[in-house]
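Please keep the sequence and the three-dimensional view at hand while reading.

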Amino acid sequence: MKPILAKFLTSAASPDAFPAEGPPEFAFLGRSNVGKSSLINSLLGQKLAHVSSTPGRTRTINFIGIYAKASQLHSTQPRAVAAVPHAQPELMLVDLPGYGSISRSITAEWPKFIEPYLKERTTLQLAIVLIDANVPPQAPDRQLIEFLRSAGRDFLVVATKSDKLSSNKLRAALATLAREHGVEEILAYSARTGAGKNELWREIRQRMGN
Ligand code: GDP
């Protein structure tokens, strides 16, 4: 099985810096410290430069190109490449700034480029909303989910750090989060153990249109 090739493409702090629309995009959103960088790195099986929660890095939208056919996307160990042939990526993972509270984001970056991205990007296939499995339901997450719903965006809620809970506690936590956020299903993920990785790749593959 060929490894997945992934490469950081660009960072954007305004819509005019977004790359041209092309391959299907999968966006990752969540409160700061939810484990977004760890999840993206775990999905890719590598620590990609520019995927980090370092302040300064988090205030841009980071576009990561994935150069693998849908059939090759699963949890085998991918590798980073320094130079990718000039080919168009098959898909893009899009790392959005972590938020503390949506209300703060609303006054700052939100209307400038996050909202335009989520509302207008025609190649955005799925917004992946990360919530911490160990934390009770949070208002900003609920606001984000409501925003995505009203924008008519397909979204998937993923509960991070699932390894920190016993299976009984995890089941109960997921049920509470699903109920409070009004969603039918939440996918549990652990960047530490790799739990949920196959399932998340499957959700992505299913929306790639091939
Ligand atoms: P970000 O701010 O959302 O990018 O979050 P990070 O990926 O930097 O993770 C925040 C903290 O949570 C770090 O201390 C990570 O080690 C920890 N963390 C992230 N993912 C997991 C996980 O799956 N399991 C556990 N136990 N800790 C995690």
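Why is strand β2 (residues 25-30) largely enclosed by the rest of the structure? Six of the six residues of strand β2 are buried, so the strand is largely enclosed. Here buried means under 20% relative accessible area, exposed means over 50%, and partly exposed lies in between, with a 1.4 Å probe and protein chains only. Strands (E, at least two residues) and helices (H or I, at least four residues) are DSSP runs, numbered from the N terminus.

The model is predicted: local features need pLDDT of at least 70, side-chain atom pairs count only at pLDDT 80 or more, and totals for chains, interfaces and linings use all residues. Residues are numbered from 1 along each chain as its sequence is written, and side-chain values use heavy atoms, with hydrogens and water left out.

Of the 210 residues of the chain, 51% count as buried.

With strand β5 (residues 91-95), β2 pairs in the parallel sense over four bridges, and phenylalanine 28 has aspartate 95 of β5 as its bridge partner. Six bridges join β2 to strand β6 (residues 124-132), and these two strands also run parallel. Within β6, alanine 127 is the bridge partner of alanine 27.

Lysine 161 belongs to the loop between β7 (155-160) and α5 (167-181), and its relative accessibility of 23% makes it partly exposed.

The ligand comes next. Of the 13 residues around the ligand, Lys36, Ser37, Ser38, Asp163 and Ala191 come nearest. By class, this shell has two nonpolar, six polar and five charged residues; Ala, Val, Leu, Ile, Met, Phe, Trp, Tyr, Cys and Pro count as nonpolar, Asp, Glu, Lys and Arg as charged, and the others, Gly among them, as polar. A backbone N or O atom of lysine 36 lies 2.8 Å from an oxygen atom of the ligand. For serine 37, a polar side-chain atom lies 2.4 Å from an oxygen atom of the ligand, and for aspartate 163 a polar side-chain atom lies 2.7 Å from a ligand nitrogen atom. Taken alone the ligand exposes 580 Å², of which the protein buries 77%; accessible areas come from the Shrake-Rupley method with a 1.4 Å probe.

Aromatic contacts form a further theme. The structure holds three aromatic pairs, where rings of Phe, Tyr and Trp (its six-membered ring) pair if their centres lie within 6.5 Å; planes under 30 degrees apart count as stacked, over 60 as edge-to-face and the rest as tilted. The rings of phenylalanine 63 and tyrosine 117 have centres 6.1 Å apart and planes at 70°, so this pair is edge-to-face. Phenylalanine 63 lies in strand β3 (residues 61-66) and tyrosine 117 in helix α3 (residues 109-120), so the pair ties together parts 54 residues apart in sequence. Both of these residues are buried, and Phe18, Phe63 and Tyr117 form one aromatic cluster.

Strand β3 also contains asparagine 62, which counts as buried at 1% relative accessibility. The side chain of asparagine 62 makes a polar contact with the side chain of serine 11, at 2.7 Å. Such a contact is a pair of N or O atoms within 3.5 Å; within protein, one must be able to donate a hydrogen and the other to accept it, and residues adjacent in sequence count only if both atoms are side-chain atoms.

Methods:
Near = heavy atom within 4 Å. Pairing = 2+ DSSP bridges.
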